[in-house]
Amino acid sequence: MQEIIKILMTDDHPMIIEGYQNTLLATKKETQELQIDIANTCDQSMAFMQKSIESENPYDILFMDISLPPSSDGKITSGEDLSKYARTILPEAKIIILTMFNEPYRIHNIIKEIKPEGFVIKSDLTSRELASAFQAVINNPPFYSTTVTKYLKTALDSEIEIDDIDRKILYLLSQGIRTKSLTKHLGVSTSSIEKRKKNLKELFCIADSQDETLLNEARKKGFL
């Protein structure tokens, strides 16, 4: 008996998404029938999702790129937003994230906010890896590619625990944002940020007052 698997792939690079589609069709099991729709924009993706609900034939698997142009109304600004939207209207669908972003901060946020059944960094991706991710997500999720697995292991092994605001402070500092400008991004006072930076330097055993020393140590510990 054929197992029909309904799939929506969303990526703004048609050649990449065609490669995903061809790989799945070439490596699927004989008992599987894949019905694949392709969206190149957030608007197209949302329209496909809505149509699948209205036809009472919802998607089983959603492949999501993170780097996507905003929707026409500006409410969906990335693949992360699109995945969160998908969770609300297609709660039973399994999400596979495919992204070029490999920074620990981004990986942490995606896992926390989206909880994807599959998470593949594109630099890890091969045809075999994609096929393995697909079958694993169907049968025994989650599936994490090498980079994601390495991050999770580092996070579990670390004796240092920091909250989301501290993670964002480290990430923004690493992106060249100066301390006085962090308030615009975090919505907290400068004094609060300075206090958090002091605590971070104590946690990471930083003796000097240089932000770069803190960032270097955070990188060594797998937080950046």
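Is Cys-205 buried or exposed? Cys-205 is exposed, because its relative accessible area is 68% (exposed means over 50%, buried under 20% and partly exposed in between, with a 1.4 Å probe and protein chains only). Cys-205 is not a glycine, yet its phi is positive, at about 55°. You will find Cys-205 in the loop between H9 and H10; helices are DSSP runs of H or I with at least four residues, strands are runs of E with at least two, and both are numbered from the N terminus.

Before we go on, a word on the model. It is predicted, so local features need pLDDT of at least 70 and side-chain atom pairs count only at pLDDT 80 or more, while totals for chains, interfaces and linings use all residues. Residues are numbered from 1 along each chain as its sequence is written, and side-chain values use heavy atoms, leaving out hydrogens and water.

Now look at the rings. Rings of Phe, Tyr and Trp (its six-membered ring) pair if their centres lie within 6.5 Å; planes under 30 degrees apart are stacked, over 60 edge-to-face and the rest tilted. This rule gives three aromatic pairs. One of them is stacked: Phe-63 and Phe-134, 6.3 Å centre to centre with 25° between the planes. Phe-63 sits in strand E3 and Phe-134 in helix H5, 71 residues apart, and both are buried. Phe-204 and Phe-223 make an edge-to-face pair, because their planes stand at 90° with the centres 5.5 Å apart.

Lastly, visit Lys-115, in the loop between helix H4 and strand E5. Lys-115 also has a positive phi, about 50°, without being a glycine.
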